[in-house]
Amino acid sequence: MTSNLDSGKSFARRDRLLEIESQVQKLWEENNVFRADAKDESPRPGEKFFGNFPFPYMNGYLHLGHAFSLSKLEFAAGYHRLRGANVLLPFAFHCTGMPIKASADKLSREIQKFGNPPVFPVALEEKSSDLEPKPIEGNQGLPDKFKGKKSKAVSKSGGDKYQWEIMRSYGLSDAEISKFQDPYFWLTYFPPLAVEDLKAFGLGCDWRRTFITTDMNPYFDTFVRWQMRKLKAMGKIVKDLRYTIYSPLDGQPCADHDRASGEGVIPQEYTLIKMEVVPPFPSKLVALEGRKVYLAAATLRPETMYGQTNSWVLPDGKYGAFEINENEVFILTEKAALNLAYQRLSRFPEKPTCLAELTGHDLIGLPLRSPLAYNEIIYTLPMLSVLTDKGTGIVTSVPSDSPDDFMALQDLKLKPAFRAKFGVKDEWVLPFDIIPIISTSEYGDRSAEKICTEMKIKSQNEREKLDAAKKVIYKGGFYEGVMTVGEYAGMRVQEAKSLIRSKLLELGQAVVYSEPEKKVMSRSGDECVVALTDQWYITYGETEWKKAAEECLANMNLYSDETRHGFEHTLSWLNQWACSRSFGLGTRIPWDDEFLVESLSDSTLYMAYYTVCHLFQNGDMYGSESSSVKPEQLTDEVWDFLFCDGPFPESSDILSSLLEKMKREFEYWYPFDLRVSGKDLIQNHLTFCIYNHAALMPKHHWPRGFRCNGHIMLNSEKMSKSTGNFRTLRQAIEEFSADATRFSLADAGDGMDDANFVFETSNAAILRLTKEISWMQEVLDAESSLRVGAPSTYADHVFANEINIAAKTTEKNYSDYLFREALKTGFYDLQAARDEYRFSCGSGGMNRDLLWRFMDVQTRLITPICPHYAEYVWKEILKKDGFVIKAGWPQADSPDLTLKKANKYLQDSIAAMRKLLQKQVSGSKKSNINVASIEKKTTVGLIYVNEQYDGWKRECLNILRSKFDSMTSTFAPDQKILKALQQSTIGQEGNIKQTQKLCMPFLRFKKDEVVAVGVHALDLRLPFGEIEVLEENAELIKRQLGLERVEILSASDPDAFAKAGPHVSLLKQNPPSPGNPTAIFLSVDVTFDKSSMLLKKKDLIDAEKDDGDREKLRI
């Protein structure tokens, strides 16, 4: 990946932008331009904007992933500030949770083990015998990367880096790194650096309101304690036994923000069927005699246990006999035993005891007595597709309703050699037939057999077919199936399932078992389990609270249907959330200081804290500066008064005037208007934010909007430290400048799909911005040569209209938070209009006032995205007063869309004519004609225009208009259009087949054109005069095509045809139509008598010779 820093290019342009940015930032800071205070009167709609962003975690530098999401808020705030709103954009730093503490502890262990500075053991890697670079598909890597074979030791380590090495990668010296053994040192080191980087980025932040979390900030600590007490008093925090994802190494639940992988994964609950091993035990289990020994099979379908014919194990799988209590032993995998041990199903809590190590081979042939099974004894058999990393590695077999079980049993029955391979006796398999237990209307009571027959599945190894069959049968059985056996016969499976499960659990024939639905790794590096923990939970999902959250969501602006669906889905499943931790940093649970508030529970309401914290923290993020308000003075009564419409806290010794000021700040800014975040936070933080606001605040203070975005890639590849495809925010600014970085972030994309930050876009932005500064300076230097007075020419009017269009469309794009589109309409398109204007003006020159208006408008429109550049232009080039960031949205007249269409018609016509002439020249070259002589010839362009459809085309358009439904934007069926054609005047006059042959292609073309451009494609004429447009721009056409003379002629004028001379037949063969002028180019050259060219937009056919002296082309 090559950047402009390592490509040998000059950095002068980039350095110029960095110099401008430094000057502008100093100017902003001196004038407190981003300081935001509440006004005395309540804001009317649009008068204030309060936006915020999930505070980043402070275990390292901010990177481009942070900057991408943050840029959406920054651009929105910049837009609202520009148009005159009072804007509050605060920023804080999250330090709660375990990652910082875990990293600090890891650093301490490395120092203890390897010294200070540590000397790590060198892991040697075996060199690959093939040192040639492997072919790389797509953008998976760089062509100069090689792959080597790792040694066994390195492979087992998983490539984990030492924490010391990670700290070195931040540019820290060994002397500095040792200080990070203290977790609180992280809190003093990284947040100030983040502030530096964000200021360099140009973030329009009121830094008086910044803070860090945890009890290191005593003011924020009191706020969180109040919030937790408030929720508990409302019955929304309870202590209970719940299954939760848990880190054995950390000794506490592992929430989403505590995970290195597996974010969003929740516990998957199974029913663990106790299949009793019937004595006498084989030699491997003889030591267990006298105890109850069970094969423990995890199932999601306890209602199917009536149909068991056997159980399955993986022959080569590793199993163990684990002690559950003094009397019971479960045979299952070690992984499952570890989960059980954390669910109070082990003789020694959290420590599974293995009494015998076993393989699947040891278990084959074990006789079992299984709950609900119609067969009194079933046997353990081999199955090659059993998974030992999911469930327990023991599987019950119900071939009536499981395609996998059916095919595996059939393989054993029909293949004696297969039985012999695993030592399976005939009596363990052959007597066992399908036992029908569930009936569906489509597949009857032997559904697995039927679907395997229909899908022609021949073996248990046909994985894709079996997975598809399983999906169909399981879904049909649950939603449509009816039990045919047992005490619940005749009952729908949906109803019977829970009853059967409850009975199994009540009789002690099964236990509840849970495990992570997918693999979860904690930030401490261990694989998580599911634990049954007795801890504090927030009761998300409680019926009435959920209704309030849904009401809040319904009234919010989410800017995309995909985002709304994400929230609706989260609300449908989100349940109790463990809100306490015993390890890490944070605020202590007020009533149980053994625990800390976990990191996703202290970050749900702090947007309100932003509104008042500057009044007692005095701009110090740690809350350590002297203040007239002490942390202990911020009582629950004070917080209730400020945020929850509580009564005035009469007992408070805070000055009443200060309390009223705090209250006014909150009431002015709340509710917040926008919170911007990555889409990954929908499933936790953002939904928690809705819940907490719905619980603690009155409805008029509920959030107004969330805007979610995808993640960001760098140059179309995933951003990753391990591959080197990574940039911190600081690196990006140093490499490209802040404004070029912001430019590329805006261009990267706006939707929920992953966006793409392209280095080349940043480099191009450096060039564009600096060249624009130079051009504007050149214009000012040449001001005396510019034309003065009101806009008078066609080009003037077109350019003025394009400026109006840019102002209006860009305002709409910014207001919809479509920043890539805003960049396009407010910068790219506007620059293209300026370039077109420069070319169109010719010798008459450009209008001074229009150029000044262009520079003013373009500068304002780019301000939210590139504010440093805009501020420099505003003050240093345009010599304007005040700050451009607050200059107001540019005034603009309503766009003249007809003029825009007319100009597009003009430009398209010129482009088509130019293409035709180029074709003529290239054709002449092929004919060995002296091109130089052609270039010197006298050339005349005859442009024929027909401004209105006539005859049969008019009739066809009238038919289409009559058969178009403007409400649905659809046409009637073709049969009705054809019938209308038959009944029309032209249909009655001649042979209908010939009429159809003539008209149908035109009808189809016009229908397609309506789809592409709209119903105006059916108009009989364009909304402007074509002849007038072409005549007014005849000089431009001559100049752009290099013609001596241009004539604009009406196709309805008989005398005009005579001017075509001998080429009139070509004109009649290809007559002009509205929007499609026909041009004939006449020229005289010494190398041949005459040549002509016929222009007809839309088509291009091969050239053909006519009598050796004419060449015609149709475009």
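## Terms and model

Helices (runs of H or I, at least four residues) and strands (runs of E, at least two) are DSSP runs, numbered from the N terminus. The model is predicted, and local features need pLDDT of at least 70, side-chain atom pairs count only at pLDDT 80 or more, while totals for chains, interfaces and linings use all residues. Residues are numbered from 1 along each chain as its sequence is written, and side-chain values use heavy atoms, with hydrogens and water left out.

Thr214 sits in the loop that runs between helix H7 (183–201) and helix H8 (218–233). Although Thr214 is not a glycine, its phi is positive, at about 85°.

The bond from Pro279 to Pro280 is cis, with omega near 0°, and Pro280 belongs to the loop between strand E6 (267–277) and strand E7 (292–299). The bond from Tyr670 to Pro671 is cis too, with omega near 5°. Pro671 is placed in the loop between helix H21 (656–669) and strand E23 (674–678).

## Helix H24 and its partners

Two packed helices are described by the angle between their axes and the distance between the axes. Axes are lines fitted to C-alpha atoms, for helices over the stretch in contact, and angles run from 0 to 180 degrees between N-to-C directions. The axes of helix H24 (residues 738–748) and helix H25 (residues 759–781) cross at roughly 125° and come within 8 Å. H24 and H25 are therefore oblique to each other (under 35 degrees is roughly parallel, over 145 roughly antiparallel, 65 to 115 roughly perpendicular, and the rest oblique). On the H24 side, Asp739, Ala740, Phe743, Ser744 and Asp747 are in contact (heavy atoms within 4.5 Å) with Thr761, Ser762, Ala765, Ile766 and Leu769 of H25. The residues of this contact are 5 nonpolar, 3 polar and 2 charged (Ala, Val, Leu, Ile, Met, Phe, Trp, Tyr, Cys and Pro are nonpolar, Asp, Glu, Lys and Arg charged, and the others, Gly among them, polar).

H24 also packs with helix H27 (residues 819–841), at an angle of about 115° and with the axes 6 Å apart. Here Phe743, Ala746, Asp747 and Ala748 of H24 meet Phe819, Arg820, Leu823, Phe827 and Tyr828 of H27. By class, the contact of H24 with H27 has 7 nonpolar, no polar and 2 charged residues.

## Helices H17 and H22

Helix H17 (residues 561–573) and helix H22 (residues 682–696) have axes 10 Å apart, at an angle of about 80°. That makes H17 roughly perpendicular to H22. From H17 the contact uses Thr563, Gly566, Phe567, Thr570, Leu571 and Trp573, and from H22 it uses Ile682, Gln683, Leu686, Thr687, Ile690 and Tyr691. The contact of H17 with H22 holds 7 nonpolar, 5 polar and no charged residues.

## Pocket and cavities

On a 1 Å grid over the protein atoms alone, a cavity is a set of points where a 1.4 Å probe fits but cannot get out, a pocket is an open set with protein on both sides within 12 Å along at least five of seven lines, and lining residues have an atom within 4 Å of a point. Points are joined across faces, edges and corners, and a volume is the space filled by probe spheres set on them.

The second largest pocket has a volume of about 1,000 Å³. It is lined by 34 residues, of which Lys900, Lys901, Lys904, Tyr905 and Asp908 are closest to its centre. Helix H26 (794–815), H27, helix H30 (897–926) and helix H35 (992–1013) each give at least two residues to this lining; H30 has the largest share, 7 residues. The lining of this pocket has 15 nonpolar, 6 polar and 13 charged residues.

There are 4 cavities of 30 Å³ or more, and the largest cavity holds about 60 Å³ of space. Its lining includes Trp28, Phe34, Arg742 and Ile885. Helix H2 (residues 64–82) supplies the largest share of that lining, 3 residues.
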